[in-house]
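This report describes a protein model and its ligand. It takes up the backbone, the ligand site and the pocket in turn.

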Amino acid sequence: MSKVLYIKANAKPEGESRTFRISDSLIHKYMEIHPEDEITVLDLYEENLQFLPKGKLQELRNVAGDEGRNHPILKYAYQFLEADKYIISEPIWNLGIPAILKAYIDYVAVGGITFTYTAHGPVGMCKNKKAVNIITRGGDYSSEPMESLEMADKYLRNIFHFMGITDFTTVAADRLDVITENTEEILHTAIEEAEELAMAF
Ligand SMILES: Cc1cc2nc3c(=O)[nH]c(=O)nc-3n(C[C@H](O)[C@H](O)[C@H](O)COP(=O)(O)O)c2cc1C
């Protein structure tokens, strides 16, 4: 049995978000194939996740063991560490990830839990895990000069790698805000890709 963490980061609710349409399709297909797996849905807006609190960073460093698992912030890092698979779902916002997702990364990328510092530099502690990132974008980042400006999927790929998760696949739906595009067709193609991925994930 695998533990799957479905991380959702969008202010738009279910039913309106195009990104969630794709990631929900992946999850539904995945659940059909792996009914025995444990899926945890982590909607960051529902969690009401805040930025790291002012003046509390030192205190966070001193929390240890079981206390950490029950801590309102560190519990997210332990939950992250204990998952086997991750599905992240977010739109690109201003060339990067939505701020709430960055706040979540600040909760889970914790030295001594999800990565550690060694004499040879930082080493990820999340081993033998896989991630799929579902991202939608209004524009097109497939070629320069836009390609270099894309810092949403690229950032997530890098920070997951930093925590040890090197098996990282992206399903992207681009050009969704280009008015001449058939957006339903773009979404349909991305949903097909996501459902196919669910079989190998
Ligand atoms: C605050 C905000 C910032 C955005 N910034 C970008 C951007 O930098 N690049 C881009 O291609 N699209 C941008 N978009 C468009 C969304 O990424 C795009 O419409 C996406 O498909 C929305 O997904 P959703 O329907 O799941 O919310 C932005 C949208 C919002 C609301």
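## Backbone, ligand site and pocket

N94 is found in the loop between β3 (85–91) and α6. The model is a predicted one, and in it phi of N94 is near 45°, which is a positive value in a residue other than glycine. P145 has its place in the loop between β6 (130–136) and α7 (146–149).

As for the overall fold, nine helices and seven strands make up the secondary structure of the protein. The radius of gyration is 17 Å, close to the 17 Å that the globule rule gives for 201 residues, so the protein is as compact as a globular protein of that length. The C-alpha trace spans about 55 × 40 × 35 Å along its principal axes.

The ligand has 17 residues around it, and those that come nearest are S17, T19, I92, Y141 and D177. Sorted by class, this shell holds six nonpolar, seven polar and four charged residues.

| Residue | Protein atom | Distance to a ligand oxygen atom |
|---|---|---|
| K12 | polar side-chain atom | 2.8 Å |
| L95 | polar backbone atom | 2.8 Å |
| D177 | N or O atom in the side chain | 2.7 Å |

On its own the ligand has 650 Å² of accessible area, and the protein covers 76% of this.

The pocket analysis uses the protein atoms alone. What is the volume of the largest pocket? The volume is about 390 Å³. The lining of this pocket consists of 17 residues, of which L60, R61, A109, V110 and G111 are the closest to the centre. Two or more residues of the lining come from each of α3 (57–61), α5 (74–82), α6 (99–108) and β4 (115–118). Which element gives the most to the lining? That element is α3, with three residues. By class, the lining of the largest pocket has 13 nonpolar, two polar and two charged residues, while the shell around the ligand has six nonpolar, seven polar and four charged residues.

Notes: Residues are numbered from 1 along each chain as its sequence is written. This is a predicted model: local features need pLDDT of at least 70, side-chain atom pairs count only at pLDDT 80 or more; totals for chains, interfaces and linings use all residues. Side-chain values use heavy atoms; hydrogens and water are left out. A residue is near a molecule or strand if one of its heavy atoms lies within 4 Å of it. A polar contact is a pair of N or O atoms within 3.5 Å; within protein, one must be able to donate a hydrogen and the other to accept it, and residues adjacent in sequence count only if both atoms are side-chain atoms. Accessible areas come from the Shrake-Rupley method with a 1.4 Å probe; for residues, only the protein chains shown count as cover. Ala, Val, Leu, Ile, Met, Phe, Trp, Tyr, Cys and Pro count as nonpolar, Asp, Glu, Lys and Arg as charged, and the others, Gly among them, as polar. On a 1 Å grid over the protein atoms alone, a cavity is a set of points where a 1.4 Å probe fits but cannot get out, and a pocket is an open set with protein on both sides within 12 Å along at least five of seven lines; lining residues have an atom within 4 Å of a point. Grid points are joined across faces, edges and corners, and a volume is the space filled by probe spheres set on the points. Helices (H or I, at least four residues) and strands (E, at least two) are DSSP runs, numbered from the N terminus. The radius of gyration is taken over C-alpha atoms; the globule rule is 2.2 Å times the number of residues to the power 0.38.
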